[in-house]
Amino acid sequence: SVGARLALLSRSAKPDASLTAEIEAKGGKVIYVAADVTDAAAVDAAIAQVRVSFGEINGVVHGAGTLNDAPLSAKTLAEAAAVMASKVTGGANLSRALPPGTLDFFAVISSSSVVLGGAGQSDYVCANAMLESLAASRPDGLSVAWGVWRDAGMAARAYGAGERREA
């Protein structure tokens, strides 16, 4: 038992009973905190709530993201900004609220699309490149660039992956 403490921040803060049970069975604790990372005041309030529950915050994993694939010429500025907001604004808000040197790690979940590209994903690629730059600018920064997961995550939801179709 390591007594891990995990605070999961999301807009909905929907509890995951199996995850909670698994962590608590090993002596850990999980809390679910509702906040939109694009809202600086909400981030500050969420961090205050976590500190009340757990005390010190040792690390952050910023994994928010939005997909809306389409050619850039077919997107409005508002659509592109909406794709970028959770990564760019959310990352900046978390970094401001938890400055460099106050954590053991500040990890961001990026995408292999930064290197490989992705059709219709110029805004998503830009947002992930910004996150990688943010992580690189911090002494505690770390970037994890995931590829597409076939049966899980945003790509699976966006493209219907995991659904079995008869040929």
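This is a predicted model: local features need pLDDT of at least 70, side-chain atom pairs count only at pLDDT 80 or more; totals for chains, interfaces and linings use all residues.
1. Ala 80 is found in helix 3; helices here are DSSP runs of H or I with at least four residues, strands are E runs of at least two, and both are numbered from the N terminus. Ala 80 counts as buried because its relative accessibility is 11%, where buried means under 20% relative accessible area, exposed over 50%, and partly exposed in between (1.4 Å probe, protein chains only).

2. Residues are numbered from 1 along each chain as its sequence is written, and side-chain values use heavy atoms, with hydrogens and water left out.

3. Helix 3 (residues 77–97) is part of a right-handed β-α-β unit together with strand 3 and strand 4. Right-handed means that, with the strands pointing away from the viewer, the path from the first strand over the helix to the second runs clockwise. Strand 3 (residues 59–62) and strand 4 run parallel and are joined by 4 bridges; two strands pair if DSSP finds at least two bridges between them. Within this pairing, Val 60 stands opposite Phe 106 of strand 4. Strand 4 (residues 105–111) is mostly covered, with 6 of its 7 residues buried.

4. Phe 106 also has Arg 138 over its ring face, at 4.0 Å from the ring centre. The criterion is NZ of Lys or CZ of Arg within 6 Å of the ring centre and within 35 degrees of the ring normal.

5. The side chain of Arg 138 makes a polar contact of 2.8 Å with that of Asp 140 (a pair of N or O atoms within 3.5 Å; within protein, one must be able to donate a hydrogen and the other to accept it, and residues adjacent in sequence count only if both atoms are side-chain atoms). Asp 140 is found in the loop between helix 5 (122–136) and strand 5 (141–146). Its relative accessible area is 7%, so Asp 140 is buried. Leaving out residues up to four places away in sequence, Asp 140 touches several residues, including Pro 100, Asp 104 and Phe 106 (heavy atoms within 4.5 Å).

6. Ala 13 is found in the loop between strand 1 (5–10) and helix 1 (17–25). Ala 13 has a positive phi of about 55° although it is not a glycine. Most residues other than glycine have a negative phi. Ala 13 is buried, with a relative accessible area of 13%.
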